[in-house]
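Open the model in your viewer and keep the selection tool at hand. The stops below say what to select and what is to be found there.

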Amino acid sequence: MKSFRIGLLPRIIIAIVLGVLFGQFLPLSVVRIFTTFNGLFGEFLSFCIPLIILGLVSVAIAGIGKGAGRMLFITVAIAYGATIFSGGLAYITSIFTFPSLIDTSQSLQSITESSITPLPYFSIKIPPLLNVMTALVLAFLLGLGMASLTSNALKKSCEDFEQIITKVITSVIIPALPIYIFGIFLEMTFTGKAWSIMMVFIKIIGVIFLLHIGLLVLQYTIAGLIARRNPFRLLWTMLPAYFTALGTQSSAATIPVTLEQTQRNGVAPHVAGFVVPLCATIHLSGSTLKIVSCAVALMMMLGMPIDTLQFVGFILMLGITMVAAPGVPGGAIMACLGILSSILGFDESSQALMIALYIAMDSFGTACNVTGDGAIALIVNKLVKL
C-alpha cells in the first residue's frame, strides 16, 4: 500500500487550527513546553540562516555565470528588474491598502501588555558562525569566483555543502515547522493575539492574490507590446503552466510545461530552452510580491516603524538572496529570513508568522513566477533578434 502523506500547506493549516484550539484551554505549564521548543528551534534556525545563504546562493550565482553572452545578460537583467518591480509594486499597494484592513491603533504588542507571557523552561544559545551580511557577501564573492575559474574543485566542494544545507532544510527545518508554528499560535491564543492575526491573514491573502493576477496581466501586456501580440491570448496559452505550478508548488517541476507553452507562444526553441530554466531559478516576482506584502502587514500589526528607504534596500537584497530558492521546498522564505532580521528587525515570532503567511500562498507565488517566465522569454526572443 502507498503511504499517505500530508503536504506542507495542510500541515501548516492543521498546526494553526490546533494551536488556536488548544491555546484556549491548555494550562500554562503545557504551553511553556512548546515555548521551550520554539526557543530551541529558533536558535537553531538563526544558526542555519547564514549557512543557508552561503550554501545556496554561492552555487546558484556560479551557475548563472556560465556561458556569458548577450542573451544571458538580457535575461538576468529583465528577470532581476521584474523581481524588483514586483517588490516595489507590493510595497506601494500595501502602504495604501493595508491601513484600511489592519487596525494600526491597536498593535499586537498593546493587546498583550496585560497578559501572561509563557516563558521557556530553559534556553540554549547557538551563536551563528557568520552574520547575515557577511554570509551574503561571501556567497556572492565565491559564486563569481567559481564562475570565472577553470577548475571545478571549489565548486564541487560548494555543491556538496549545498546538498548538506538542502538536506537540513528538507529533513529537519521543514518537518519541524508545523510544530514551531503550532507553538507560535498556541502562545498567541494563550496571550490573546490569535483572533486578530487570523482575521488579518484572510484579508492579506485576498489582496496578495489579486496583486498576483494584476502583475501577470501587466507582464504580458508589456511582453505583448514588445512582441506585437495579443497579451491576453499569450497569457491564456500559459495557463497550463500556471495550473501545473499550483499543483506542484515547484518552479523546477513545472519547467517542461512552461517550456512547451512558451514555444507555443512563438518563442524560438533555443531561446525558450535557455530562458525558461534560467528564469525558474532567478525570476521570483510572485515570491517577492508575497514576502514584501506580508512583511508590511506584519510590521503594521506589530506596531513596528516602516521606512521606505529601508524597504528599498530590503527589496534589492531580496532579489539576490532568493536566487537559489526555487530548488528547495520553502527555500524562498528560508533564504530571506536573514535579511528580514538584519534589515527589517524581525524577531523569531515575526519570522514564524512570515513563514505561515508565505506557505499559505506558496502555490500562488510559484504559479506567478513560472507564468511570468513566459513573458520574459517573449521579450528576450524579440530583443535577441534586433
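The tour goes from the whole chain to single residues.

**Before selecting anything**

This is a predicted model, in which local features need pLDDT of at least 70 and side-chain atom pairs count only at pLDDT 80 or more, while totals for chains, interfaces and linings use all residues. Residues are numbered from 1 along each chain as its sequence is written, and side-chain values use heavy atoms, with hydrogens and water left out.

**Whole protein**

Show the cartoon: the protein has 16 helices and zero strands. Both are DSSP runs numbered from the N terminus, helices being H or I with at least four residues and strands E with at least two. Of the 386 residues, 51% are buried; buried means under 20% relative accessible area, exposed over 50% and partly exposed in between, with a 1.4 Å probe and protein chains only. Among contacts (heavy atoms within 4.5 Å) between residues at least 6 apart in sequence, 86% join residues at least 24 apart.

**Colour by confidence**

pLDDT is the predictor's confidence in each residue, from 0 to 100. The average in the protein is 78, and 83% of the residues score at least 70. Helix α8 (residues 231-237) has the highest mean, 90, and helix α4 (residues 108-111) the lowest, 48. Select residues 110-115 next: the pLDDT there is below 50, and the stretch has seven contacts in the model beyond near neighbours in sequence. Where pLDDT is low, the predicted coordinates should not be read in detail.

**The nonpolar cores**

A nonpolar core is a set of buried Ala, Val, Leu, Ile, Met, Phe, Trp, Tyr and Cys residues joined through side-chain atoms within 4.5 Å. Which members of the largest core touch the most others? Select Leu177, Phe314 and Met334, which hold that place among its 103 residues. Around Phe314, leaving aside neighbours within four places in sequence, the contacts are Ile291, Val292, Ile339, Leu340, Ile343 and Leu344. A second, separate core has five residues, including Leu26, Val31, Phe182 and Leu186.

**Cys48**

Go to helix α2 (residues 28-64), where Cys48 is found. Is Cys48 buried or exposed? Its relative accessible area is 6%, so Cys48 is buried. Not counting residues up to four places away in sequence, Cys48 touches Val168 and Ile173.

**Aromatic rings**

Rings of Phe, Tyr and Trp (its six-membered ring) pair if their centres lie within 6.5 Å; planes under 30 degrees apart count as stacked, over 60 as edge-to-face and the rest as tilted. This rule gives eight aromatic pairs. Select Phe41 and Tyr180: the centres are 4.8 Å apart and the planes at 50 degrees, so this pair is tilted. Phe41 belongs to helix α2 and Tyr180 to helix α6 (residues 153-191), so the pair ties together parts 139 residues apart in sequence. Both Phe41 and Tyr180 are buried.

Move to Tyr242 and Phe243, whose ring centres are 5.5 Å apart with planes at 85 degrees, so the pair is edge-to-face. Tyr242 is buried at 10% relative accessible area, whereas Phe243 is exposed at 52%. Then select Phe22, Phe25, Phe34 and Phe182, a cluster linked by ring pairs.

**Last stop: Arg228**

Find the loop between α7 (194-227) and α8, where Arg228 lies. Arg228 is not a glycine, yet has a positive phi of about 60 degrees. Its relative accessibility is 74%, so Arg228 counts as exposed.
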